[in-house]
2 protein chains.
Amino acid sequence: MTERVEWVGVDWGTSNLRLWGLAANGSVVLSRSSDQGMGRLTQDQYSSVLHHLLDGVASASGGSIEVLICGMAGARQGWVEAPYLQAPTDLRSLLGGAVRPPLTDAHLTASILPGVCQKAGADNVMRGEETQLLGLAALRPGFAGLVCMPGTHSKWAEMAGTRIEHFSTAMTGELFELLRTHSVLRHSLGGDIDAAERAAGFAAGAQLGLDKPEQLTSELFTVRAGSLLSGRQPGWCAGYSSGLLIGTEIGSRRAAIGTQTVPLIGSPALAALYAQVLAMIGAKGEPVDGTEVVLAGLKAARAFSV
Amino acid sequence: MTERVEWVGVDWGTSNLRLWGLAANGSVVLSRSSDQGMGRLTQDQYSSVLHHLLDGVASASGGSIEVLICGMAGARQGWVEAPYLQAPTDLRSLLGGAVRPPLTDAHLTASILPGVCQKAGADNVMRGEETQLLGLAALRPGFAGLVCMPGTHSKWAEMAGTRIEHFSTAMTGELFELLRTHSVLRHSLGGDIDAAERAAGFAAGAQLGLDKPEQLTSELFTVRAGSLLSGRQPGWCAGYSSGLLIGTEIGSRRAAIGTQTVPLIGSPALAALYAQVLAMIGAKGEPVDGTEVVLAGLKAARAFSV
């Protein structure tokens, strides 16, 4: 017999959402995902998306089920704007900053966790990553150091236990996509990608990015010139561009990284590339399962409220 | 009475072309422009574009008119591919590397000047800029130093008289357009641009780019955060992004620039921004008229052939 769903955790991102039903003992009883991310929804659609995904679960519970949401559902253009906690801050206070969105299903109550902002030094914002960071802290009590979350907008957070001291965001993933789809480099990056060519290009680009992170906007153009002059293949060019961008991201943080072992929260493929580049400067990257940390973060956010 | 057209010079770029009819004494007798740039033409259309623009001129000459073309008409995807001269090289040899495209008008003969490539160090290419550089050398005999040509793909060339020693390309203008139109920053950069806000943002972004050129991909994201957190206006955000990119371009070349006076060949508005940033590092930018140098370059390329 399936255990009863005690509460529901949701990671509601820009392009999709993932939802877990959790039993009183913390085990995952049900798991759903959907492409109804923030980017596709108007404000009045969130409630029915939840209702649909939890159809039968809520009414079977007999009472009211609590839904805890992190991520872009709390953005200004999302469901209800959840204010930011301001770093440096202790992430155990996430639930205290949550907002309660309106729901049409009487069997559900929902809270959207805040994001984290930073105003000291350079302005910065995150939504969703803070819950993963709290989850990492919960899974590794006492961890202190840099955490990297590679992706469209890579986050680097300086953590001390459950405290986030400082963070920065590199537009690495988005820049790669812009270059690949819209720039003059698209002529060099499109076509059949050979895996060996790509790996060779990645290593070369990463080394240059590490050595000369200030030269990014100039080195990118050499991709185009290389395909015109030296017959560089699309695989090599794509690997080189990606390596250059990741190498620049890591190279510009070299002093802060030192020889640390950096937890990498992101897709396994991307985490492996970041680990490769971190190894090139004598540091180490340690891939961490993203689902595991977001679940741990939702649990921890809920636990710290009681 | 108008003087007779002795020959025709053409700067055939990606988006448009400019054409001048020159008398034997070098004065401009006629001037035409068109949006029939390389990007809009198939290989078999170039001849009729020229024929149309020079209708009446060629037949009035009684004999055959020589057309000297520089720029993207000589690219692989252009009219006829003109090979590259390889830097370091003396630009007086441009005409020696020209190709003769097929023409349907018996009153015309045409030559397309080569571009310049570079294989030592980082691969690089230029098409069109080499003719402007030769023109600058002709207008300023004995000039030696860095020349900057700001634009979509900014070129920086180390010149010694008519010799080009080395050059690099920064994707500054293209990156700004990509960010403005396709990235998450488009939400912050769109809308009414206030000139004073823009100027303040530009100065702040330029200073940061000069000081930390390796931080570009991270500092760009602060534009988004700044508009979310601090209510930064589109003018400020646009100025900041532009300043950050130009500051990074110049900051990454700081050692090479030193306190030189750098000729700036490009649009007056862009040249003024580059001059402002060069002044911030104790160097100087000197705007140069682009039409004047390309004309001087076409004349010089022709003169050095006889």
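Among contacts in chain A between residues at least 6 apart in sequence, what percentage join residues at least 24 apart?

Figure 1. In answer to the opening question, 66% of the contacts between residues at least 6 apart in chain A join residues at least 24 apart; two residues are in contact if their C-beta atoms, placed from the backbone, lie within 7 Å. Chain A holds 11 helices and 14 strands, taken as DSSP runs numbered from the N terminus (helices: H or I, at least four residues; strands: E, at least two). With a radius of gyration of 21 Å, close to the 19 Å of the globule rule for 306 residues, chain A is as compact as a globular protein of that length. This radius is taken over C-alpha atoms, and the rule is 2.2 Å times the number of residues to the power 0.38. The C-alpha trace of chain A spans about 70 × 40 × 40 Å along its principal axes.

**Figure 2. The axis relating chains A and B.** In chain B, the C-alpha of B:Glu214 is the nearest to the axis, 1.9 Å from it.

**Figure 3. The side of chain B that touches chain A.** Chain B and chain A bring 37 residues each to the contact. Elements of chain B that each supply at least two residues include β12 (163-170), α4 (172-182) and α9 (234-251). The most comes from α8(B), with 6 residues. This side of chain B comprises 15 nonpolar, 16 polar and 6 charged residues; Ala, Val, Leu, Ile, Met, Phe, Trp, Tyr, Cys and Pro count as nonpolar, Asp, Glu, Lys and Arg as charged, and the others, Gly among them, as polar. Because 100% of the interface residues of chain B are also interface residues in chain A, the copies meet through the same surface.

**Figure 4. Helix α3 of chain B.** Of the 11 residues of α3 (residues 129-139), 10 are buried, so this helix is largely enclosed by the rest of the structure. A buried residue has 20 or more other C-beta atoms, placed from the backbone, within 10 Å of its own. Among the buried residues of α3(B) are B:Glu129, B:Leu133 and B:Ala137.

**Notes.** Residues are numbered from 1 along each chain as its sequence is written, and chains are lettered from A and ligands numbered from 1 in the order in which they are written. In this predicted model, local features need pLDDT of at least 70 and side-chain atom pairs count only at pLDDT 80 or more, whereas totals for chains, interfaces and linings use all residues.

Notes: Least-squares fit on C-alpha atoms with pLDDT ≥ 70 in both. Buried ≥ 20, exposed ≤ 12 C-beta atoms within 10 Å, placed from the backbone.
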